[in-house]
Amino acid sequence: MKPYATVPLLAKPNAGMPRLEGGKTIFEMDAKTFASFGRNLVRAGANMIGGCCGTTPAHIQKLSRIIAGIKPKLPVRKSISALSSARGFVHFAENQSLFIVGERINPPVKKALQQELASKETVHHPSDGCRAGKSRRKYLLDINIGQPGIDEVKTIKK
């Protein structure tokens, strides 16, 4: 995961596989065996390591001794800001000060669209609003069909 991570990675393993015995969950891995996996987890890219189910203070103490002095790897990828759809994407650059979002399909501010949605008779096809936005160089469109009294899932699919 390390080559793709943009954030530090956390490893929090159990003390082995759980098994149910007499209605009680048992973890059989002893502290020494548990800790023996620590080096490989750090080398694989874990920045933080702890323990989950079945671990005890002894497990964590042994783990901390084994990984002492090993430097964790920092994330190698920088995060990006982007939006995507099935047909394309828009990347937001750090030095970009403004990105215009078209809002032509918005019932709260378009009375005619409110009436069409409420009557279930769509006269103006929503894609017309999309084309109009694109022609005005607005590459992101806010599509809102929120209208009281309609089945929004059915309407957006239609």
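## Cysteines

Cys 53 is partly exposed, with a relative accessible area of 38%. Partly exposed covers the range between buried (under 20% relative accessible area) and exposed (over 50%), using a 1.4 Å probe and protein chains only. Cys 52 is also partly exposed, at 30% relative accessibility.

The whole structure holds zero disulfides, a disulfide being a pair of cysteine sulfur atoms within 2.5 Å. Cys 52 is in none; its nearest cysteine sulfur belongs to Cys 53, 3.8 Å away.

## Model and confidence

This is a predicted model: local features need pLDDT of at least 70, side-chain atom pairs count only at pLDDT 80 or more, and totals for chains, interfaces and linings use all residues. Residues are numbered from 1 along each chain as its sequence is written, and side-chain values use heavy atoms, without hydrogens or water.

Mean pLDDT (the predictor's confidence in each residue, from 0 to 100) is 81 for the chain, and 80% of its residues reach 70 or more. Helices are DSSP runs (H or I, at least four residues), numbered from the N terminus.

## His 59

His 59 lies in helix 3 (residues 57-67). His 59 is buried, at 7% relative accessible area. Its side chain reaches the backbone oxygen of Met 29 at 2.9 Å.

Beyond neighbours within four places in sequence, His 59 is in contact (heavy atoms within 4.5 Å) with Ala 15, Met 29, Asp 30, Ala 31, Phe 34 and Gly 54.

Key:
Helices (H or I, at least four residues) and strands (E, at least two) are DSSP runs, numbered from the N terminus. A polar contact is a pair of N or O atoms within 3.5 Å; within protein, one must be able to donate a hydrogen and the other to accept it, and residues adjacent in sequence count only if both atoms are side-chain atoms.
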